[in-house]
Amino acid sequence: MTLMQNAITAAPLLSVQGLTKRYGARIGCAGVGFDLYPGEVLGIVGESGSGKSTLLSCLAGHQRPDEGRILFDGADVLAFSEAERRRLLRGDWAYVHQNPRDGLRMGVSAGGNVGERLMAVGARNYAAIRESATDWLGRVEIAADRIDDRPSAFSGGMQQRLQIARNLVTGPRLVFMDEPTGGLDVSVQARLLDLLRGLVRDLGLSVVIVTHDLAVVRLLADRLMVMKSGRVVECGLTDQVLDDPQHAYTQLLVSSVLQV
């Protein structure tokens, strides 16, 4: 069964309705709504100031929206208690930052970074935690003999791969990604994208990814949402939106007239 066939028969994992965030008179995002199905990747693009980062921040719980609903597996996330929200962020949800230093404990070893998240969901057996950490370092192409090295000894690309391991080790159902390839050399970006594509496919992850790079969403995203001035101006299957954009703003993005 294809992804789109699954989407037809399955209930949405994430349902966003009328999400709005204002900063005084300025609109961060307004009236945003979409459904994300299990195993689906949604890309969000737009120029700087389009509202995509504000939207991701509200979705991931870093900011509280002024209006709207966020339903995860049918439950209203905005009605969760602080304890419930923390459990969600430690287990079923994960967030990959653009700068890996924002998502890692730089003073803790590579294995410790991965192990900490396991401990946060209740793991206590040291040998099992270290075994899982070693396994996940291997999955993100970090040699096992680097398990006791600190992230500061790693390159930028390795730090980003370590952050991915730290986030995915608990088997989250939904992953938010903020410019995960930003700031990396082209060759490092390509390697990381191949890794991400494989992990998304093998683990059946549901992902919301914000990026300025249309090549990234073409490679990773099933559907694409284009934002301008805080509002969604076009949404559809990624290849359809990029190959036959309908909105004038999307046409400018695709033709690289705008700096995104």
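## The salt bridge between the domains

Across the interface of domain 1 and domain 2, the rule finds one salt bridge, meaning a side-chain nitrogen of Lys or Arg within 4 Å of a carboxyl oxygen of Asp or Glu. Arg 191 pairs here with Glu 141, and their closest N and O atoms are 2.9 Å apart.

## About the model

This is a predicted model, in which local features need pLDDT of at least 70 and side-chain atom pairs count only at pLDDT 80 or more, while totals for chains, interfaces and linings use all residues. Residues are numbered from 1 along each chain as its sequence is written, and side-chain values use heavy atoms, leaving out hydrogens and water.

## The two domains

Domain 1 covers 14-92 + 172-256 and domain 2 covers 105-165, with bounds from an automatic or database domain assignment. Their centres, taken over C-alpha atoms, are separated by 26 Å.

## What the interface buries

Twelve residues of domain 1 are in contact with twelve of domain 2 (heavy atoms within 4.5 Å). Together the domains bury about 1000 Å², 64% of it on carbon and sulfur atoms; this is the accessible area (1.4 Å probe) that two parts lose on being put together, summed over both. In domain 1, Arg 90, Arg 191 and Leu 195 lose the most area to domain 2, together 45% of what that side buries.
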